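Here is a short report on pockets and aromatic pairs. Look at the structure first, then read on.

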Amino acid sequence: MAVTPQRLDLPFEVEEYLGAFAIRVGDILGQELIGSFLHGSGALGGFNPARSDIDILVVSLYPLTQNQRTRMCQELGGASLPVPAVTLEMSVVTSDTCRTPVASPSYELHINTRDNRCAEGAGRTDPDLLLHFAVAQQSGRLIGSGRLPEDVFDPVPRHLVLEGMAMELEDVLSSSDTAPEYVVLNACRNLAYDKTGHIYSKIDGAQWVLAHELTNYTELILSAVHRHDQGTGADEPIDPKSVAAFATEVVSKLRCRENCN
């Protein structure tokens, strides 16, 4: 069962959406806009509008004003700008936050169109942003006008990425709503980063792990790839005990890299 690299080209409807999104954000922030950056599967590969989110980080020079927050909630929500994917996951952060990566970065605003949520930051933090910063710095795509990602995001220290990956993997493993193939492929991506320092898409991470024979869970990984490609209706089930064992093993390796030497 072959594993092929993921394509980076996006559907025309998604490109149209990104263009409209960039215009609206530019109109709201004006000269305070540093840039809007696509990350996630849209930047790493493997984007499928039937099951993928559109993940965007908007970087502002200054904290948002109340008027800017209100306009973003109104003009970037799904009712005003329909999303040609599962959902829009968008966070607004300041440029200073991108330059000083910490375990749980602060944010100005977060939009999730799946549940029509537009949450003001106001001093709140989100540990998920750390890995978003790491992906944006490495592979992010500038949407519209602004500065290039490598000029906006400082590299995230390796120990923070490893701990962020371990925490994320523990979270998805403990969630009853997470598909088992997602857990397995996420674990593969983390293993590949541990060895290479590069963040891969889920499928490309699985390909790297299989090619380098890093684990005894080859059949499990191939089954996860098949289910990812075919959908949850794929013929063979995945043993939940094997999924948990593999993910737990990867979490231990990620944490041991920093704490076991």
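The lining of the second largest pocket splits into six nonpolar, two polar and four charged residues. Here Ala, Val, Leu, Ile, Met, Phe, Trp, Tyr, Cys and Pro count as nonpolar, Asp, Glu, Lys and Arg as charged, and the others, Gly among them, as polar. This is a predicted model, in which local features need pLDDT of at least 70, side-chain atom pairs count only at pLDDT 80 or more, and totals for chains, interfaces and linings use all residues. Residues are numbered from 1 along each chain as its sequence is written, and side-chain values use heavy atoms, with hydrogens and water left out.

**Pockets**

A pocket is an open set of points on a 1 Å grid over the protein atoms alone, where a 1.4 Å probe fits, with protein on both sides within 12 Å along at least five of seven lines; lining residues have an atom within 4 Å of a point. A volume is the space filled by probe spheres set on the points.

| Pocket | Volume | Lining by class |
|---|---|---|
| Largest | about 1,600 Å³ | 13 nonpolar, 20 polar, 15 charged residues |

Helix α6 gives the most, with six. Helices are DSSP runs (H or I, at least four residues), and strands too (E, at least two), numbered from the N terminus. Among the lining residues are Leu130, His132, Met167 and Glu168.

The largest pocket has a volume of about 1,600 Å³. Of its 48 lining residues, Asp53, Asp55, Glu168, Tyr182 and Lys202 are the closest to the centre. Helix α7 (residues 180-196) gives the most to this lining, with five residues.

**Aromatic pairs**

How many aromatic pairs does the structure hold? There are four. Rings of Phe, Tyr and Trp (its six-membered ring) pair if their centres lie within 6.5 Å; planes under 30 degrees apart count as stacked, over 60 as edge-to-face and the rest as tilted.

Phenylalanine 37 and phenylalanine 153 pair edge-to-face, at 5.3 Å centre to centre and 80° between the planes. Phenylalanine 37 lies in strand β1 (residues 33-39) and phenylalanine 153 in the loop between β6 (141-143) and α6, so the pair ties together parts 116 residues apart in sequence. Phenylalanine 37 is buried, at 0% relative accessibility. Buried means under 20% relative accessible area, exposed over 50%, partly exposed in between (1.4 Å probe, protein chains only). Phe37, Phe133 and Phe153 form one aromatic cluster.
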